[in-house]
Amino acid sequence: MADLPAYAAEPPRPGAAFDEYRLARGSVLDLLRPALTDALAAAGTPPAAVDTVLFATESLPRGEASQTAVAQLLGDLGMPHAYPVTLGFADCSTATAALTLAAALVSSGAARTVAVASGDLVSTVRSGSRVLLGGSAVASDGAAAAVVSGRRHGWEILGGARQVSYDLVGPAPAAHRLKAQLTAYQDLFDDLWSTTGLTPHEVAAVLPSNLAADTLRMFLGEAGFAPGQLYQDNVGRIAHCLGSDPLINLTDRTKSGTTRSAYPVVVLLGSSAAHLAAVLLRAVEG
């Protein structure tokens, strides 16, 4: 963090736990390409089987250049006929929400196989400093991807929930913001349990966005989770890769040696200042 003057001038809060951040040297397409390639391989899905791609990103080139760039990317990956859709606006919760949107497309028959591609360059979506929310987060360039289809493989999507609190947009007294944020988290998980019929005690791990680590522990505690259920191992190593954090955390926790059978149900939690999205996943046997 030594090369971030703003971070040095405004030290992190105790518990922020950031050690380094990631800086991309190419375009967002250079991040999305390997993420999609790896996701297709992990899912055992031929690229040509993907009929829809949800791009959860605000870093694509502007204007007609975005169409050219996306067409080139999909052509290079072997899915030139996949229909591209861009999603944004909900900040760092967009990619998590995109998973439930993908599942809805598949379950309704509107799509057969959907690739969700998340990725952003901080320099594109945020001008100036990489320090966010008064030192609660340091933003990194990053990408992640997932494949959603009707085939039972990897993880089953049990349900999702979303919340937005526009009380948190713009300046407000600290006490007001804290209460509004806490209410948003509680409402989010009330909706998730209502949708899925599960409870916090049936969840082995919450895989969240890598921001406001100390505050997030408080919010999730009030929502019924114990500290040991919260996965924050990546906060120091990769910082806050905007919308991609939950998927990166899911991948890294699995690669760390913790088998899916050891935590069959997990929550992916994407969060920003005003937007929240959660997805409940259950490991598929075999």
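Trainee: Where is L242 in this model?
Mentor: The model is a predicted one, and L242 sits in the loop between α8 and α9.

Trainee: Is L242 buried or exposed?
Mentor: L242 has a relative accessible area of 10%. The cut-off for buried is under 20%, so L242 counts as buried.

Trainee: What about the phi of L242?
Mentor: The phi of L242 is positive, near 50°, and L242 is a residue other than glycine.

Trainee: Which residue has a positive phi of about 60°, although it is not a glycine?
Mentor: That is A239. A239 lies in the loop between α8 (235-238) and α9 (245-255).

Trainee: And is A239 buried or exposed?
Mentor: A239 is buried, because its relative accessibility is 0%.

Trainee: Changing topic. In which sense do β1 and β2 pair?
Mentor: Parallel: β1 (residues 52-56) and β2 (residues 83-87) are joined over five bridges. In β2, T86 is the bridge partner of F55.

Trainee: How does the chain cross from β1 to β2?
Mentor: It passes through helix α3 (residues 64-76), and this β-α-β crossover is right-handed.

Trainee: Now the surface. Which residues form the nonpolar patch there?
Mentor: F89, V164, Y166 and V169 form it, and together they have about 460 Å² of accessible area.

Trainee: Where in the chain is Y166?
Mentor: Y166 is in the loop between β7 (155-164) and α6 (174-196).

Trainee: Why does Y166 count as exposed?
Mentor: Its relative accessibility is 54%, and exposed means over 50%.

Technical notes. Residues numbered from 1 in each chain as written. Predicted model: local features only at pLDDT ≥ 70, side-chain atom pairs only at ≥ 80, totals over all residues. Heavy atoms only, no water. Helix = DSSP H or I, 4+ residues; strand = E, 2+ residues; numbered from the N terminus. Buried < 20%, exposed > 50% of the residue type's maximum accessible area, 1.4 Å probe, protein only. Pairing = 2+ DSSP bridges. Right-handed = clockwise from strand over helix to strand, strands pointing away. Patch = residues over 30% accessible without salt bridge, like charges linked within 9 Å, V, L, I, M, F, W, Y side chains within 5 Å. Areas by Shrake-Rupley, 256 points an atom, 1.4 Å probe, with all protein chains shown as cover. Salt bridge = Lys/Arg side-chain N within 4 Å of Asp/Glu carboxyl O.
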